[in-house]
Amino acid sequence: MKIVAKPIKTMVIFEYEGNIPIPYKFKLQMDDGSEKLIRIDRCITSYRQKIAGIDTVIYECQSVIDGIEKRYRLKYILADCRWQLYAI
């Protein structure tokens, strides 16, 4: 399964000190219209980046999906408060 820049519904956690959300799990809409819930097993790293002048936070994550361990990237766009799945 290869997905690039697909919008997702994300559940996040906020720490006591800090205003950057930490992703916990997300729903991915499949091609047939169904939704698949994916729990984030590990957030490897996160960093802020400006892309074309737009502030974003990028998370390198890892999950077991359909029995296979996969790495992917989640992007949080600060101005729009929206999430994108970058690759699976």
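Tutor: What follows goes through the sheet strand by strand and then turns to its side chains. The model is a predicted one.

The sheet is open and has 7 strands in the order 3-2-1-7-6-5-4, paired in the antiparallel sense. Its edges are strand 3 (35-39) and strand 4 (42-51), each of which pairs on one side only. On average, neighbouring strands of this sheet are turned by 30° against each other, direction ignored. As a general point, the strands of a sheet pair through backbone hydrogen bonds, in either the parallel or the antiparallel sense.

Strand 2 (residues 22-29) pairs with strand 3 in the antiparallel sense, over 5 bridges. Within this pairing, Phe26 stands opposite Ile38 of strand 3.

Further along the order, strand 1 and strand 7 run antiparallel and are joined by 3 bridges. Here Pro7 has Gln84 of strand 7 opposite. Strand 7 (residues 82-85) is also joined to strand 6 by 4 bridges, again antiparallel. Two opposite pairs can be named for this part: Ile77 faces Arg82 in strand 7, and Tyr76 stands opposite Trp83 in strand 7. Strand 6 and strand 7 form a hairpin with 4 residues between the strands, where Cys81 takes a positive phi near 50°.

Strand 6 (residues 68-77) meets strand 5 (residues 54-65) in an antiparallel pairing over 10 bridges. Tyr76, already named opposite Trp83, is the bridge partner of Val57 in this pairing. These two strands also form a hairpin, with 2 residues between them, and Asp66 in the turn has a positive phi of about 55°.

Asp66 leads on to the charged side chains. In general terms, side chains of opposite charge can pair when their charged atoms come close. The count of salt bridges comes to 6. One of them joins the side chains of Asp66 and Lys36, at 2.6 Å from N to O. Asp66 lies in the loop between strand 5 and strand 6 and Lys36 in strand 3, so this pair ties together parts that are 30 residues apart in sequence. Asp66 is exposed, because its relative accessible area is 59% and the class begins over 50%. Lys36 has 22% relative accessibility and therefore counts as partly exposed, since the buried class covers values under 20%.

Glu35 and Lys27 meet through their side chains in a salt bridge of 3.8 Å, N to O. Glu35 is partly exposed, with a relative accessible area of 40%, and Lys27 is partly exposed too, at 38% relative accessibility. A salt bridge also links Arg39 to Asp41, whose closest N and O atoms are 3.2 Å apart. Arg39 counts as partly exposed at 49% relative accessibility, and Asp41 as partly exposed at 39%. Salt bridges that share partners join Lys9, Lys27 and Glu35 into one network.

Met11, Ile13 and Tyr24 make a nonpolar surface patch of about 270 Å². Met11 belongs to strand 1 (residues 6-13). With a relative accessible area of 45%, Met11 is partly exposed, which means that it passes the cut-off of over 30% for patch residues. As a general rule, the side chains of a regular strand alternate between the two faces of the sheet.

Cys43 is partly exposed, at 34% relative accessibility. Leaving aside residues up to four places away in sequence, Cys43 touches Tyr59, Glu60 and Cys61. The C-alpha atoms of Cys43 and Leu74 are separated by 9.8 Å, while the two residues are 31 residues apart along the chain.

Terms used:
Residues are numbered from 1 along each chain as its sequence is written. This is a predicted model: local features need pLDDT of at least 70, side-chain atom pairs count only at pLDDT 80 or more; totals for chains, interfaces and linings use all residues. Side-chain values use heavy atoms; hydrogens and water are left out. Patches are made of residues with over 30% relative accessible area and no salt bridge: like charges are joined within 9 Å, nonpolar side chains (Val, Leu, Ile, Met, Phe, Trp, Tyr) within 5 Å. Accessible areas come from the Shrake-Rupley method with a 1.4 Å probe; for residues, only the protein chains shown count as cover. A salt bridge is a side-chain nitrogen of Lys or Arg within 4 Å of a carboxyl oxygen of Asp or Glu. Buried means under 20% relative accessible area, exposed over 50%, partly exposed in between (1.4 Å probe, protein chains only). Two strands pair if DSSP finds at least two bridges between them. Axes are lines fitted to C-alpha atoms, for helices over the stretch in contact, and angles run from 0 to 180 degrees between N-to-C directions. Contact means heavy atoms within 4.5 Å.
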